[in-house]
Every structure is written in structure tokens, then in C-alpha cells.
Amino acid sequence: MTDPQVALLMLGLFIFVVLIGFPIAFTLIAMGLGFGYYAYAMPNQLENIFDNRIFNLFVQNTFSVMSNEILVAVPLFLFMGYVVERSNIVSRLFHSLQLAARRLPGSLAVAALATCTIFATATGIVGAVVTLMGLLALPAMLNAKYDVRYATGVICAGGCLGILIPPSIMLIVYAAVAEQSPVRLYAAALLPGAMLAGLYMIYVVARATFNPALAPKPPEEEIPPLPQILWQLLTSFVPLSVLILAVLGSILLGIATPAEAAGVGSFGALLLAVLYRSLSWDKLREAVFLTARTTAMVCWLFIGSWTFASVFSYLGGQTLIENWVLGAELDPITFLIVAQLIIFLLGWPLEWSEIIIIFVPIFLPMLDTFGIDPIFFGILVALNLQTSFLSPPMAMSAYYLKGVAPPFVTLMDIFRGVMPYLVIVLFAMVMLYVFPGLALFLPEWFFG
Amino acid sequence: MNRVLLFIDSLSMWMGKAFGWCIVVLTFATCYEVFMRYVLGAPTTWAFVMSIQMYGALLIMAGAYTLSRNGHVRGDMLYRYLPERGKAGIDLVLYIIFLLPGALALIWYGTQFAADSWRFKEVSWSSPARIQIYFFKTLLPLAGALVLLQGFAEICRCIVCLRTGRFPPRLHDVEETESMLIHQHENELERAQEQSGEKAR
């Protein structure tokens, strides 16, 4: 067997073990060590079996994950998210937005979508947003006799926006993988994120306008006077928005690095939670411990994948795949479509973290040959991965919502409700492809 | 047996949680640096290295804790539908041939890596403050040891499950918001069903 063939075997074996269901981080480490031992074996390897370069490489890779200055932002953004998540902020937000939007068609759905967008922006964690909204907005919509599919679709789709709209953890991880500036990525994601949220919003309002039976007006209870509504908005919507805008603004204006902005954002979130009188000692501990676990989950994937990837390309696997793709003489469009299709398919069984950390690096070195901007590619991937949460059979957000929905809401209802949003995501990807400026204009404008 | 398992669990958990507090230090160190640099115009020399070390310590030392919570991400498309014994069988084999070598390598070669650093009293080159990094590097073998220990606990769990058909219990701990809410919701539904059942009778 030639070395590149061994590399393909390595990739195949890896995919097999992932499908069996062993923790991916340790699978990557083991594959990296095992095949690396073969790759770096010296002629007299059998005489001193513990002396092999792969071990030092592994330790060094682990250490470089520990000292990566881009990834520092990951725990900070996670911490900010967990604090916001546990501090009751979402119910205030939804309540006030619902009052503010009451005149619009499908007002509850509009409020739910807006809450999801803002809240998802702050946390960047999908599950929490979907379940919290499932307990809050879904009963409200169902009580108002909203169509089940219409009501569930908007929550699932809205909850996923957090991975695209900056400041998102996914873009930080992509930046670390692709060795791109996270700041430019944030700038690039801004317009496409706003576009997608806007398209969702248009869809929600349009459906409710053309088919009012989907979203009957909620019964006119006593509506509080205008000043009271404004006060509610001022105490719920404004502080969180200011926090997010401050974090994002300081990054985009080049004032602070993402890690610095995330640190200040975490501090702001703690402050906000204190002001809302919802920060107990227990909640703080919970946020700290969850941050530790999720950080370890993401970063151990990096530890594994860096070792795996360096062995994979040392054996010539990367070159083999590249030659194979280049040999197919694709034009850039076809390449882009094929790459996105593969990522879309991977989104069925896998989560975004594994896709970005393990599979996206295979495409990255080829972008140059096809003249594709890695930042543009990253935003396409971020859009694409929205679907990984939404497309059956493994639509995580549908399962989260089902978990907290009343028993008569079936998984099938949710899947059907989500379908239109998948079409919208696809449309957004086409738009982005036709008008790359949507992603590339802002980074140019901010940073030249 | 169970006592030993729970002891290892609580050791990993305790270490992971203790290092979890690094995030608070990291938050405040970052804010302090931002304040000093952008408000007072006097950036510190130590905050950057400190924040890197806090982040690194957090992620590496929480590895065993995450393992003890079964929190490392799996591609569980098939796995979740397997019977308990099937899960235990797969995990048992793979923990032994996949997890143990990695942890051992981290301990053995990490020790050498850290020992070199101690010998030269190595300092970080990303700041003029000449901050030590030998303590930081010492965390590598330490984390490896924790993962190894936790790996043994997981292996024992698999063996118990293969014999009895059920995984032995884990310690109680914080859950992600989504699983917490879903559990609460399930409990409420059950309670409601029981109540309506009583009424019907």
C-alpha cells in the first residue's frame, strides 16, 4: 500500500468509527497517533518502540490549541451566552416585543422570530434558544390558535440564526481553522445574517397576510398604555441590544479583538443579570461549569483534528484528494456547489463543530486554485449549516422543540413547518453566490 | 465498585469545575486590560499571556470532567438506537484501544515536554513581562492523568453494563438548558397524566 492509500484508509476508518458513535475527539487523537506512528516510523523503529516523532507532534499540537489566541474568545462567548441564557432575559424580551408588534399580521410569530434573532445573537447556542422559546412562544401561539406548522417552523428557524449572525462562536472556530481574521469574518457575516433574518421575517409576515387563518389576531386583552410598553422595551430590548451592539461594534470598528470584546460582553451580561436580580450564586456556578464543559468539547476536537490533519497530509492524503478534485477539471461554480452539497449532507449526521473542525479543512487548501475567497466560502458554509439543524432526519432544533412541545405537536408537523425555511436558506445561498459583495463589501469597507 | 467509580467521577468533576473558574478570572483580566489600554492608555504586559493561560488551563483540565459527563460529542445517528449492551460493547473496545493510548502519550511525552520547560525555566515570548510557562505546560501530563483515570472509570462502567444490562449511575450535575427544560417538561406531562388517570378512576 502506498502512503496516500494509507491516508485514505485512515479517513475511511475515521468516518466508520464516527458513524459507530465513539466520541469524535478521542477517535481523532487515536487515528492520528496510530497512523502517525506508521507514517513517522524509522528504519530501526522496532528497537526503540517508544521513540517516534508523532508523540512529540501530538503534545505540541495539544499545546498549540492551548495557546491559540483566536480560540480564547470561545469560552468567553460561551460564558456570555450561558449567563444571558440563565438570567430570565428571554421572557422579558419576548413579552415586550410581542406587545410592540401586536398590530402586525402574525404578531406573535414576528415577536418570536425577533426574540430568537436577538437572543441567538447573544448566546450562539442553538438548543437553549429553541427550547426556551418552545416553552414561551409556542404555547402563546397555540393559545391564539396559530397553525401548528407555522408556529413551530418560525421557532426552529429563528433559533439557528445564532450560529450565523455575529458575534457567533462558529465563525471564531472557522477563523481558527482557516487561519482567517475573525474580525473580517464577522464583518462579512453581518449582511448575509441580516438578509436571512429579514427574509424569514418577510416570509412570516407575508404568510400571515395572505392567509390570516394561519395566525389569528390574539384576543384583545387589556393592552397596557403606550408608556408602559415603551418602558418594557427600554428595560428588556434595549439593554441586551446595546450589549450586543457594543460587543460587535468594538470588534468591527477595529477597537478590540474578539476575545477582548467577548470578555467585556461577558462582564456586561453578568452586570445585566445582576440588574435584573436574576444572578444567584447557583446560576453563576451553573454558567461556569457549563462553559468549562462546552469549551472542553470544542477544543478537544481541535486537539484531535490538528494531529489527525497533520498526519493525513503528511501521508499525502490531502494531495491525493486535491489531485483528484483538480483532475476532474471542475469550474469554480461546480466546485463550490459540490463542496456545499457535501457539507450539506454531512450536516445530517454531524454537528457544526465537527464539520467545521474536521471536514472543512479538506476543502480549504483548494480554494486558492479555484480563486475562491476563504471568507466568502466561510459565510456560505455558515449559511449552509443553518440547514444542518433544520433538515430531517437529524434536525436537532426540531427535536429540541419536540422535547418541550405539547404532546399533540408531532415531529412531522415540525419538519413540515421548517421546510419553507430550508428553501429560504437555499435562496439566500444563491443570492450570496450571485452577489458575493453581500459578504465581501463590509470587510473591505471596514478594513480595506 | 460503584464507590470507586463515583470517586473518580467526583475527582474529574471537582478538577474540571475548579479550573472552570478560570473563565471568571479570564473575564475580569480581559476587562481590566481593556480598561487599562483603551481608557487609561497604559496596557498591561501580563494580561494577554494570563488570558491565554487561563483559557488553556480551562480547556485541558475540563477534558476529563466532560468525559465524566459523557459530554464529548459523538456522531450518534446509529449509536442512540443501540441497546444499552451494544453501546457498552462498542465503548469498551474503543475506550481501551483509542482512549488509553492517547492519555498515556499525553502523560509520558507531556512530562518530558514539561520537564524541558522546567529545566530552562522557560518564559513566554509573547510578552516582555517574561511570564513563566512551565506551570502551564505541566498541566498537559496532569490532564492526561485525569483523562486516563476517567477512562478507567468509563471502561468499568461498560463492563458493569455488559454484565447487568444497565449503565451504573453517574453523579448529578448541571445540565444544558435544553436538556434541563426537556426533562422538566417530560416530568410535568407524566404528572398531568397520572392526575388525569386518577380522576378517571
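This is a predicted model: local features need pLDDT of at least 70, side-chain atom pairs count only at pLDDT 80 or more; totals for chains, interfaces and linings use all residues.
Colleague: Why does B:R37 count as partly exposed?

Modeller: Its relative accessibility is 31%. Buried means under 20% relative accessible area and exposed means over 50%, with partly exposed in between (1.4 Å probe, protein chains only), so at 31% B:R37 counts as partly exposed.

Colleague: What makes the pair A:E260 and B:R37 a salt bridge?

Modeller: The term requires a side-chain nitrogen of Lys or Arg within 4 Å of a carboxyl oxygen of Asp or Glu. The N to O distance between these two side chains is 2.6 Å, so the pair meets the definition. It crosses between chains, from helix 12 (residues 258–275) of chain A to helix 2 of chain B; helices are DSSP runs of H or I with at least four residues, strands are runs of E with at least two, and both are numbered from the N terminus. A:E260 is buried, because its relative accessible area is 7%. A:E260, B:R37 and B:E33 are linked in a network of salt bridges.

Colleague: How many salt bridges does the rule find across the interface of chain B and chain A?

Modeller: One. Eleven residue pairs are in polar contact across the interface, both residues at pLDDT 80 or more. A polar contact is a pair of N or O atoms within 3.5 Å; within protein, one must be able to donate a hydrogen and the other to accept it, and residues adjacent in sequence count only if both atoms are side-chain atoms.

Colleague: What is the area buried between chain B and chain A?

Modeller: About 6400 Å², with carbon and sulfur atoms giving 76%. Buried area is the accessible area (1.4 Å probe) that two parts lose on being put together, summed over both. On the side of chain B, B:Y55, B:V73 and B:Y109 lose the most area to chain A, together 12% of what that side buries. Counted by contact (heavy atoms within 4.5 Å), 68 residues come from chain B and 80 from chain A.

Colleague: Why does B:Q53 count as buried?

Modeller: Its relative accessibility is 14%, so B:Q53 falls in the buried class. B:Q53 lies in helix 3 of chain B. Leaving out residues up to four places away in sequence, B:Q53 touches B:I131, B:Q132, B:I133 and B:F136.

Colleague: Why is helix 17 of chain A called largely enclosed?

Modeller: Because 16 of its 17 residues are buried.

Note on methods
Residues are numbered from 1 along each chain as its sequence is written. Chains are lettered from A and ligands numbered from 1 in the order in which they are written. Side-chain values use heavy atoms; hydrogens and water are left out.
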